[in-house]
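Subject: Structure for your files, with notes

Hello,

Here is the structure we talked about.

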Amino acid sequence: MTIEAMLDAFTAAFTAVENSTGVKMSIENFLLGLVLLHVGIAMLAYCAASGSFKSTIRGLFRRGSSLDGDAAQASDVVRYLVTNCEAGNPEQIMQSVEEYRCEQKARLMDVGHAKGQVLDKALLDCNPGVVLEMGGFFGYSAVRMARLLKKPGAKVYSMEYNPECAKTMLTLIEHSKLQDRIQVIVGAASDSIGRFQDLTGATKVDFVLIDHDKPLYVPDLKALEAAGLLHKGTVIVADNILYPGCPEYFAYMADNPRYTTAMHPVRLRGKRSDPSLPGQFDAVAVSVYNGK
């Protein structure tokens, strides 16, 4: 494939994303497209010639500051949802989060609608019985995933570090009438992973959503591996690969034969995502564990 063709393909992919069609890209194509998008053909040629491709590409990721969102914000969002949404209607809750985002011009640490569609498809394709979430915030993703569970007894186990956010999550979960499908585990994921079997009774995890502190993505994934909680076919979804950015996780997956990873680019713009971030791009990584 020529450089011009790769650039055309990457542009078409983002256009398709904007039009809400499903797009997924291999890590290799995503990486090439990202280089072309940010620094053009000249930088790509320089990286290839200098042998510094990997170290250079890591610097292209936006690290950024953490998005606004603490226990007070989580409480405000859930108060809005409880006031405006019918109890036991998670679909209305999903829509109302987008309305809140637009009305308040709020930057929320939830996965949001656009990236949520990637999450939905990955979960439905997996049809998991045991779902682990790292980073619950106000409960958006836990509710989003729990509403789609099909297997009898299937459950989402959501690890949330902040005890105040965990309390807020319980309010939203109760309002969604999904208490039987979601269990909130309070504390750092690194502490809870080693006790996961004792806390839940589950010996393996079918589906993982990683959406907590970005520097912890790789250490906590490695902790899941070391604990033996992953099995062949476990699906791992990681948010915020580009914004605010997690180059360590990207590099870990790109070089790891134990995983097969596809990148899903998403434009963060307009009502379909965060209106306070016009023109921003993000990506969701969907990986399948191939075993040791």
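The notes below cover helix packing, salt bridges and some backbone details.

Please keep in mind that this is a predicted model.

Helix packing

Two packed helices are described by the angle between their axes and the distance between the axes. Take helix H4 (residues 71–84) and helix H8 (residues 163–176): their axes cross at roughly 10° and come within 9 Å. H4 is therefore roughly parallel to H8. The crossing in which H4 passes H8 is left-handed. On the H4 side the contact is made by Ala-71, Ala-74, Ser-75, Val-78, Leu-81 and Val-82, and on the H8 side by Glu-164, Cys-165, Thr-168, Thr-171, Leu-172 and His-175. By type, the residues of this contact are 7 nonpolar, 4 polar and 1 charged.

A second pair is helix H11 (residues 217–226) with helix H13 (residues 247–254), where the axes come within 8 Å and the crossing angle is roughly 45°. That angle makes H11 oblique to H13. From H11, the residues Tyr-217, Val-218, Leu-221, Lys-222 and Glu-225 meet Glu-248, Tyr-249, Tyr-252 and Met-253 of H13. The contact of H11 with H13 divides into 6 nonpolar residues, no polar ones and 3 charged ones.

Salt bridges

Side chains of opposite charge can pair when their charged atoms come close. The count for this model comes to 12 salt bridges. Some of them are described here.

- Arg-79 and Asp-76: the closest N and O atoms of this salt bridge are 2.9 Å apart. Both residues are in helix H4 and 3 residues apart, so about one helical turn separates them. Arg-79 is partly exposed, at a relative accessible area of 48%, and Asp-76 is also partly exposed, at 35%.
- Lys-121 and Asp-125: their side chains form a salt bridge with an N to O distance of 2.8 Å. The two residues lie 4 residues apart in helix H6 (residues 112–126), about one turn of the helix. Both Lys-121 and Asp-125 are exposed.
- Lys-214 and Asp-211: here the salt bridge spans 3.5 Å from N to O. Lys-214 and Asp-211 are both buried.
- Glu-91, Asp-120, Arg-144 and Arg-147: salt bridges link these residues in a network.

Backbone details

Most residues other than glycine have a negative phi, and most peptide bonds are trans. Which peptide bond is cis, with omega near 0°? The bond from Tyr-243 to Pro-244 is, and Pro-244 is placed in helix H12 (residues 241–245).

Phe-137 is not a glycine, yet has a positive phi of about 50°. Phe-137 sits in the loop that runs between strand E2 (130–134) and helix H7 (140–146). Is Phe-137 buried or exposed? Phe-137 has a relative accessible area of 6%, which means that this residue is buried.

Lys-177 also has a positive phi without being a glycine, in this case of about 65°. The loop that holds Lys-177 lies between H8 and strand E4 (182–186).

Regards

How values were computed. Residues numbered from 1 in each chain as written. Predicted model: local features only at pLDDT ≥ 70, side-chain atom pairs only at ≥ 80, totals over all residues. Heavy atoms only, no water. Axes fitted to C-alpha atoms, helices over the stretch in contact; angles between N-to-C directions. Parallel < 35°, antiparallel > 145°, perpendicular 65-115°, else oblique. Left-handed = near helix turned anticlockwise from the far one by under 90°. Contact = heavy atoms within 4.5 Å. Nonpolar A, V, L, I, M, F, W, Y, C, P; charged D, E, K, R; others polar. Salt bridge = Lys/Arg side-chain N within 4 Å of Asp/Glu carboxyl O. Buried < 20%, exposed > 50% of the residue type's maximum accessible area, 1.4 Å probe, protein only.
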